[in-house]
Amino acid sequence: MLSTDTDVLKTAEAWRREGRGVAIATVVETWGSAPRPVGSHLVIDEETNFLGSVSGGCVEGAVITEALDVIADGKPRMLEFGIADETAWQVGLSCGGRIRVYVERVD
C-alpha cells in the first residue's frame, strides 16, 4: 500500500518531535512518463528509515543518500533523474521520463 501525502507529512512531524534528523524529498517537476506526480513526497530520517515515494522505487536509494547529506549539512538540494544513453545502467528512470526532486531538512 502506498502511503498518502498526509501520512508522509505526519510521519516527518512525528520523527522531528522524537528528536530525529529528518529530510523530505518532493517531486517538483516531471517530463514525459514519470512514475510519481508533482507533489509526491518521501520522508527520510537519519537512520535511513523512510516513508513515501518519489519514483516508484527506481531512484529512491539515490534520494535517500542525498537526504542523509541534507540532514547533516542543512543545505537543500535539487536532484534530477532521467535516462540517457550514458546513464542507462546507472540510477535513472526506465520509463523514459525525467523528474526533478527537491530535498530539504525538516527543522
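Which residues does Val103 touch, not counting residues up to four places away in sequence? In this predicted model, Val103 touches Ala23, Ile24, Ala25, Val63, Ala67, Val70, Pro76, Arg77 and Leu79, with residues up to four places away in sequence left out of the count.

## Overall layout

The chain contains two helices and five strands, and from the N terminus on these elements follow one another as α-β-β-β-α-β-β. Of the 107 residues of the chain, 36% count as buried, and the chain exposes about 5,900 Å², of which carbon and sulfur atoms supply 49%. Among contacts between residues at least 6 apart in sequence, 54% join residues that are at least 24 apart.

The five strands form an open sheet with the order 3-2-1-5-4 and antiparallel pairing. Strand 3, which covers residues 50-52, and strand 4 are the edge strands, each of them pairing on one side only. On average, and with direction ignored, neighbouring strands of this sheet are turned by 20 degrees against each other.

The pairings can be followed across the sheet one by one. Strand 1 and strand 2 run antiparallel and are joined by five bridges, while strand 1 and strand 5 pair in the antiparallel sense over nine bridges.

## The nonpolar cores

The largest nonpolar core has 17 residues, and the members that touch the most other members are Ala25, Leu42, Val54, Val63, Val101 and Val103. At least two residues of this core come from each of strand 1 (22-31), strand 2 (41-45), helix 2 (60-73), strand 4 (77-81) and strand 5 (98-106). Helix 2 provides the largest share, which amounts to five residues.

A second, separate core has six residues, among them Ala12, Val22, Ile24 and Val43. One of these, Ile24, is also among the residues that Val103 touches, although Val103 itself is named as a member of the largest core.

Thr26 lies in strand 1. Is Thr26 buried or exposed? Thr26 counts as buried because its relative accessible area is 14%, which falls under the 20% limit for that class. Leaving out residues up to four places away in sequence, Thr26 touches Gly39, Ser40, His41, Arg100, Val101 and Tyr102.

One of these contacts of Thr26 is Ser40, whose place is in the loop between strand 1 and strand 2. With a relative accessibility of 2%, Ser40 is also counted as buried. A polar atom of the side chain of Ser40 lies 2.8 Å from the backbone oxygen of Pro37.

Thr48 is found in the loop between strand 2 and strand 3, and its phi angle is near 70 degrees, a positive value in a residue other than glycine.

How many residues apart in sequence are Gly61 and Thr48? They are 13 residues apart in sequence, and their C-alpha atoms are 9.8 Å apart in space.

## Val106 in strand 5

Val106 lies in strand 5, and, with residues up to four places away in sequence not counted, Val106 touches Arg16, Val22, Ala23 and Ile24. The C-alpha atom of Val106 is separated by 9.7 Å from that of Trp15, a residue 91 places away along the chain.

Definitions and conventions: Residues are numbered from 1 along each chain as its sequence is written. This is a predicted model: local features need pLDDT of at least 70, side-chain atom pairs count only at pLDDT 80 or more; totals for chains, interfaces and linings use all residues. Side-chain values use heavy atoms; hydrogens and water are left out. A nonpolar core is a set of buried Ala, Val, Leu, Ile, Met, Phe, Trp, Tyr and Cys residues joined through side-chain atoms within 4.5 Å. Buried means under 20% relative accessible area, exposed over 50%, partly exposed in between (1.4 Å probe, protein chains only). Helices (H or I, at least four residues) and strands (E, at least two) are DSSP runs, numbered from the N terminus. Contact means heavy atoms within 4.5 Å. Two strands pair if DSSP finds at least two bridges between them. Axes are lines fitted to C-alpha atoms, for helices over the stretch in contact, and angles run from 0 to 180 degrees between N-to-C directions. Accessible areas come from the Shrake-Rupley method with a 1.4 Å probe; for residues, only the protein chains shown count as cover. A polar contact is a pair of N or O atoms within 3.5 Å; within protein, one must be able to donate a hydrogen and the other to accept it, and residues adjacent in sequence count only if both atoms are side-chain atoms.
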